[in-house]
Amino acid sequence: MYHSTTSLVKLFLIKMKKYNLIYILLICIGCNSQNNNNSETNQQRSKYKINKSDIEWRKELNSLQYYVLRQAGTERAFTGKYDKNFSEGVYVCAACQSPLYESGYKYDSKSGWPSFDRGITENIEYDVDYKLGYARSELKCSSCGGHLGHLFNDGPKSTTGKRHCINSAALIFISKK
Ligand SMILES: [Zn+2]
């Protein structure tokens with residue numbers, strides 16, 4: 001009888017230890033996920049130099065600019081004002097005015113969207129989106145995170161072979177004249 005009681009106590013203690021461990025594990029997992037969430041939020045907050053709320057962007061941008069830059073939308077082909085613009089100057093981000101493309105990088109891809117064989121590298125961020133169900137290289141403004149367009153490999157072979165397919169609505173052209 002005594003023996004079996006001791007066994008029961010031992011069993012109880014073992015179980016308690018087990019549960020304690022589980023409890024500690026749960027606390028740790030909780031802490032970790034909280035830390036991850038915090039660092040994610042901090043990362044999102046600090047990733048771009050220019051951080052504005054959705055309400056602020058809605059106020060500052062017209063509806064097409066907002067749709068393209070903040071919702072990663074695409075303007076209809078051949079409707080953008082810079083598709084056939086070949087004047088000398090620089091294209092800046094319509095949201096934050098960061099310089100993104102020199103007119104010398106522009107060429108006529110006949111795609112219906114302004115096309116550049118390269119960008120001002122340090123001001124452009126490369127990301128991946130799966131909006132059409134497969135991976136596409138997304139191009140963003142690295143200062144404000146605004147969506148610009150996509151990168152394709154059918155650009156002019158004589159230069160980079162790349163095509164930065166950009167929405168006119170994401171850009172503002174500043175003429176050199
Ligand atoms: Zn920007």
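1. Two strands pair if DSSP finds at least two bridges between them. With that in mind, look at Lys140, which stands opposite His147 in S7. Strands S6 (residues 136-141) and S7 (residues 147-152) run antiparallel and are joined by four bridges.

2. Now the wider sheet. This is a predicted model, and in it six strands make up an open sheet with antiparallel pairing. Reading across, the order is S3-S4-S8-S7-S6-S5, which puts S7 between S8 and S6.

3. Which strands sit at the edges of that sheet? They are S3 (106-107) and S5 (124-129), each of which pairs on one side only.

4. As for the overall make-up, I'd point to three helices and nine strands.

5. How much of the contact set comes from residues 24 or more positions apart? Taking contacts with a separation of 6 or more, such pairs account for 55%.

6. A word on confidence. The pLDDT average for the protein is 85, and 74% of the residues score at least 70. The stretch I'd flag is residues 21-44, where pLDDT stays under 50. The model also gives that stretch zero contacts beyond four places in sequence.

Definitions and conventions: Residues are numbered from 1 along each chain as its sequence is written. This is a predicted model: local features need pLDDT of at least 70, side-chain atom pairs count only at pLDDT 80 or more; totals for chains, interfaces and linings use all residues. Helices (H or I, at least four residues) and strands (E, at least two) are DSSP runs, numbered from the N terminus. Two residues are in contact if their C-beta atoms, placed from the backbone, lie within 7 Å. pLDDT is the predictor's confidence in each residue, from 0 to 100.
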